[in-house]
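Colleague: Before we discuss any details, could you put the chain and its coordinates on the screen, so that we can go through a few local features together?

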Amino acid sequence: MPHGLFHHSAFADAASLALLKNGSRISVCIPTLNEAATIAEIVATIRRNLMVGVGLVDELLIIDSGSTDGTRELAASAGAVVHLSCEIVPSSGTHLGKGENLWKALHVATGDIICYIDGDISNFHPRFVTGLIGPLLTDPSFDYVKAHYERPLGQGCDLRRNAGGRVSEILIRPLLSLFYPELTAVFQPLSGEYAARRELLESLSFPTGYGIEIAHLIDIAAAGKLSRIAQTDLDQRIHRNRTDEELGKMSFGILKTIISRLQRDGRISPEISIPDLYRTWNHEGGSPVEITTLVSEPERPPVASVR
C-alpha cells in the first residue's frame, strides 16, 4: 500500500487550515475552455467558503483558452480574476491546450502553493481545495498532492459508478505497469485536481496538452522525489464525459508524452519517430471516412529556467 494517503475529511476545517499558512500564499488556478455550465458555481463556492472571511485561499485565477460561451464573463462576475492564456507572457507565443494554461498560470499566480482545479466539475465542493492543500500545510515532507475519487460515467439520466477514467484504465495503467511500475501506486495518474509547492512546479516542464499530468509524475519520480507525492481521497467527481473521439485524441497526446520520456530515459530507442498525425475513422452514413488530426503536444520548459 502506498504511503501518504489522506481523506479530505481530515482537512474539512478551512479556518483551522488558514492558521497553518505561516505567511505563505495559496493560489487556486482553473484552466478553462467553454465551461459556462459549471464555472460560476465553482468560483462562487471557493470565494464563499475559502476566501471571504476565512482567508485560506488568497487568489482565484481563471486561465482561459478563448471561450466563446461566456465562461470568462461568468467567472469574473462570480469573483475570479480572469486571464486569457494568449495574453500571458505574449513574447513566448501561445498554444491551445490545458497544459499551456497551467504553465501560463505560474507566470501570473503569486501563491507559494498552487492548487489546480478543472473547470467542468458539476459536484464541486470545498473539499476539492482543502483536501489537496491540507497535506502541504500539515506535513512539510510532501510537495505534490494528487486527488483520487470515484468517477461515475453518465449514461442518459443514470450514473454508472466507477465507469469513468477510461483513458487511465485502458491506456495509462498498462503503460505504467510495463515501463514505470513505481507509478502504479498513484491511484488516478490523470486526475486534474492537484496542489503543489511553487518551487517544485517551476522545476518541471509542461506539455501543453493533456500529457501534463503524466509528465509531472514521471519527471518527479525521475528526480527521486516520488516519496514527496501524497494522495487525497475526494470521494466522488462528476464532470462532463468525453466522447470516444475526444478520448482518442487525448490518449494520442498522452502517449506521445510518455514515449518522449521513454526515449529521454533510454528505455526505448531515441531514433523512433513520434508522428503528430492522429488517424481514426467515421463509419456513420455509408462508407468509412478517415479523420486525421494533428496533435503535436509541444512542451514548455521549466518556469525556473526562463525567468
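Modeller: Strand β2 (residues 26-32) is mostly covered, with 7 of its 7 residues buried, where buried means under 20% relative accessible area, exposed over 50% and partly exposed in between, for a 1.4 Å probe and protein chains only. This is a predicted model, in which local features need pLDDT of at least 70 and side-chain atom pairs count only at pLDDT 80 or more, while totals for chains, interfaces and linings use all residues. Residues are numbered from 1 along each chain as its sequence is written, and side-chain values use heavy atoms, with hydrogens and water left out.

Colleague: Which residue in β5 is the bridge partner of Val-28?

Modeller: Val-28 points one way from β2 together with Ile-26, Ile-30 and Thr-32, whereas Ser-27, Cys-29 and Pro-31 point the other way. Strand β5 (residues 113-116) pairs with β2 in the parallel sense over 4 bridges, two strands being paired if DSSP finds at least two bridges between them. In β5, the partner of Val-28 is Cys-115.

Colleague: And which residue in β3 does Ile-30 stand opposite?

Modeller: Strand β3 (residues 59-64) also pairs with β2, in the parallel sense and over 6 bridges. Within β3, the residue opposite Ile-30 is Ile-62.

Colleague: How many nonpolar, polar and charged residues does the contact of α8 with α9 have?

Modeller: The axes of helix α8 (residues 212-222) and helix α9 (residues 244-264) come within 9 Å and cross at roughly 20°, which makes α8 roughly parallel to α9, since angles under 35 degrees count as roughly parallel. Ile-214, Ala-215, Ile-218, Asp-219 and Ala-222 in α8 meet Ile-254, Thr-257, Ile-258, Arg-261 and Arg-264 in α9, contact meaning heavy atoms within 4.5 Å. By class, the contact of α8 with α9 has 6 nonpolar, 1 polar and 3 charged residues.

Colleague: Is Asn-22 buried or exposed, and what is its relative accessible area?

Modeller: Most residues other than glycine have a negative phi. Asn-22, although not a glycine, has a positive phi of about 50°, and it lies in the loop between α1 (14-18) and β2. Asn-22 is exposed, with a relative accessible area of 75%.

Colleague: What is the relative accessibility of Asp-235?

Modeller: Asp-235 is not a glycine either, yet has a positive phi of about 75°. Asp-235 lies in strand β11 (residues 229-236). Asp-235 counts as partly exposed, its relative accessibility being 37%.

Technical notes:
Axes fitted to C-alpha atoms, helices over the stretch in contact; angles between N-to-C directions. Helix = DSSP H or I, 4+ residues; strand = E, 2+ residues; numbered from the N terminus. Parallel < 35°, antiparallel > 145°, perpendicular 65-115°, else oblique. Nonpolar A, V, L, I, M, F, W, Y, C, P; charged D, E, K, R; others polar.
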